[in-house]
Amino acid sequence: MPFFIDTHCHLDAAEFDADRDAVYAAAVAGGVATLVVPAVSRDNFAAVAATCERYAGCLPAWGLHPMYIDVHRPEHLADLRAQVATQRPVAIGEIGLDLFVDLDYAAQEFYCVEQLKIARDHDLPVLLHCRRANDPLLKHLRRIGVRGGIAHAFNGSPQQADAFIKLGFKLGFGGAFTWPRANNLRRLAADLPMEAIVLETDSPDIPPVWIGRGRNAPGELPRIAQTLAELRGLDLDAVAQATTRNARVVLGLA
């Protein structure tokens, strides 16, 4: 059976409260051996920690998400540093910038930059939320110099993809590229270097086409991988091996 790493899965989310054990079991049964669970605010550090303690395949990332900018406070950055020291994560995340929704950009930028510094200081990769914000993020990455990471739910240009790759990043692809009308994403998934791609679900969000508007789950990752295999003219085993290797390299997993 092929083995996969879901590099971005919010298994701690309330949408899984009723059946989290079954969701995790289904993922493992399908070959999803490792799930990276990113925090989004200081308030869910405990939920992420509990999820990763309960399920052996779950690994934490600690971060303050730009979509929750209204709840973040400067002192939460000290809490983040303390959390990293207490339970070393695989990455700092989910962090970044979001220019799709109307949020305080100066505040977003402040927390993003400070968290990039935390990642640099602890020699950790970052999980980047980069919705319509690839160029500003690339500017900060060039200035601060983290050890790389994953551009989560990447949807930029080939030139932006190349810039991230040159900075040591992998590009996360999930359910969004399975939709037939996602022409840019499908071209990127088909044409980018295979060594630059990692897989993710962003569960419970970004459902693939066969779910429609329903709840996404980590157990969908093998079918997402099959879609990538078909786009690239590869077999599923080759995609599983390559994306798992890529994830292990960028996240420093044994």
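Biologist: Is V71 buried, partly exposed or exposed, and what is its relative accessibility?

Modeller: Buried means under 20% relative accessible area, exposed over 50%, and partly exposed in between (1.4 Å probe, protein chains only). V71 has 38% relative accessibility, so V71 counts as partly exposed. This is a predicted model, where local features need pLDDT of at least 70 and side-chain atom pairs count only at pLDDT 80 or more, while totals for chains, interfaces and linings use all residues. Residues are numbered from 1 along each chain as its sequence is written, and side-chain values use heavy atoms, leaving out hydrogens and water.

Biologist: Thanks! Now the cysteines: how many disulfides are there?

Modeller: A disulfide is a covalent bond between the sulfur atoms of two cysteines. The rule here asks for a pair of cysteine sulfur atoms within 2.5 Å, and the count comes to zero. For C112, the nearest cysteine sulfur is that of C130, 10 Å away. C112 is buried at 1% relative accessibility, and C130 is buried too, at 7%.

Biologist: And which residues have the most contacts inside the largest nonpolar core?

Modeller: In soluble globular proteins, nonpolar side chains tend to be buried together. A nonpolar core is a set of buried Ala, Val, Leu, Ile, Met, Phe, Trp, Tyr and Cys residues joined through side-chain atoms within 4.5 Å. The largest one here has 69 residues, and L11, V126, F164 and F173 have the most contacts inside it. A second, separate core has 12 residues, including I5 and V250.
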